[in-house]
Amino acid sequence: MSALQYLEAASATLGVLGALLLATRHRWAPWAWVMWLASNAGWIAFGIATQHWGLVAQNSVFAATSGIGVWHWLIRPGTPKKKKPKEST
């Protein structure tokens, strides 16, 4: 099996595992976004190597949405919330 075939298989596997993780509503489900981001990177690399520009474009957009998912589900919940100042009466 060539490196390109391994990349294709890994990208497909990560995409499917991310979908299964989210579908099960497991406590680790937010990590599906990380799996999808890795899958998107693999598909982008595969698309560039095989000159499939539609695949590159599609997975570039998917990578952006996966990045938003990582932010909303994994990074943002851990950031401290700003406290509103108390209003004086």
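Predicted model: local features only at pLDDT ≥ 70, side-chain atom pairs only at ≥ 80, totals over all residues.
1. The protein chain has three helices and zero strands. Starting at the N terminus, the order of elements in the protein chain is α-α-α. The radius of gyration of the protein chain is 18 Å, well over the 12 Å that the globule rule gives for 89 residues, so the chain is more spread out than a compact globule.

2. The overall dimensions may be considered next. Taken along the principal axes, the box filled by the C-alpha atoms of the protein chain is roughly 70 × 30 × 15 Å. Of the 89 residues in the protein chain, 25% are buried. As for contacts between residues at least 6 apart in sequence, 50% of them join residues at least 24 apart.

3. The packing of α2 against α3 deserves a separate point. Two packed helices are described by the angle between their axes and by the distance between those axes. Helix α2 covers residues 32-50 and helix α3 covers residues 53-75; their axes come within 8 Å and cross at roughly 160 degrees. Because angles over 145 degrees count as roughly antiparallel, α2 is roughly antiparallel to α3. The crossing of these two helices, α2 and α3, is left-handed. Sorted by class, the residues in the contact of α2 with α3 comprise 16 nonpolar, eight polar and no charged ones.

4. Which residues does Asn40 touch, not counting residues up to four places away in sequence? They are Asn59, Phe62, Ala63 and Ser66. Asn40 itself is found in helix α2. With a relative accessibility of 5%, Asn40 counts as buried, since the cut-off for that class is under 20%.

5. Arg25 is found in the loop between α1, residues 3-23, and α2. Although Arg25 is not a glycine, its phi is positive, at about 55 degrees. Is Arg25 buried or exposed? Its relative accessible area is 75%, and Arg25 is therefore exposed.

6. Gln51 is not a glycine either, yet it has a positive phi of about 60 degrees. Gln51 counts as exposed, at 57% relative accessibility.

7. Turning to helix α1, Glu8 lies in this element. At 34% relative accessibility, Glu8 counts as partly exposed. Leaving aside neighbours within four places in sequence, Glu8 is in contact with Trp43 and Phe46. How many residues apart in sequence are Glu8 and Gly67? The separation is 59 residues, and their C-alpha atoms are 21 Å apart in space.

8. Gln5 also lies in helix α1. The relative accessibility of Gln5 is 40%, and the residue counts as partly exposed. Between Gln5 and Phe46 there are 41 residues of separation in sequence, while the C-alpha to C-alpha distance in space is 8.9 Å.

Methods. Residues numbered from 1 in each chain as written. Heavy atoms only, no water. Axes fitted to C-alpha atoms, helices over the stretch in contact; angles between N-to-C directions. Helix = DSSP H or I, 4+ residues; strand = E, 2+ residues; numbered from the N terminus. Parallel < 35°, antiparallel > 145°, perpendicular 65-115°, else oblique. Left-handed = near helix turned anticlockwise from the far one by under 90°. Nonpolar A, V, L, I, M, F, W, Y, C, P; charged D, E, K, R; others polar. Buried < 20%, exposed > 50% of the residue type's maximum accessible area, 1.4 Å probe, protein only. Contact = heavy atoms within 4.5 Å. Rg over C-alpha atoms; globule rule 2.2 N^0.38 Å.
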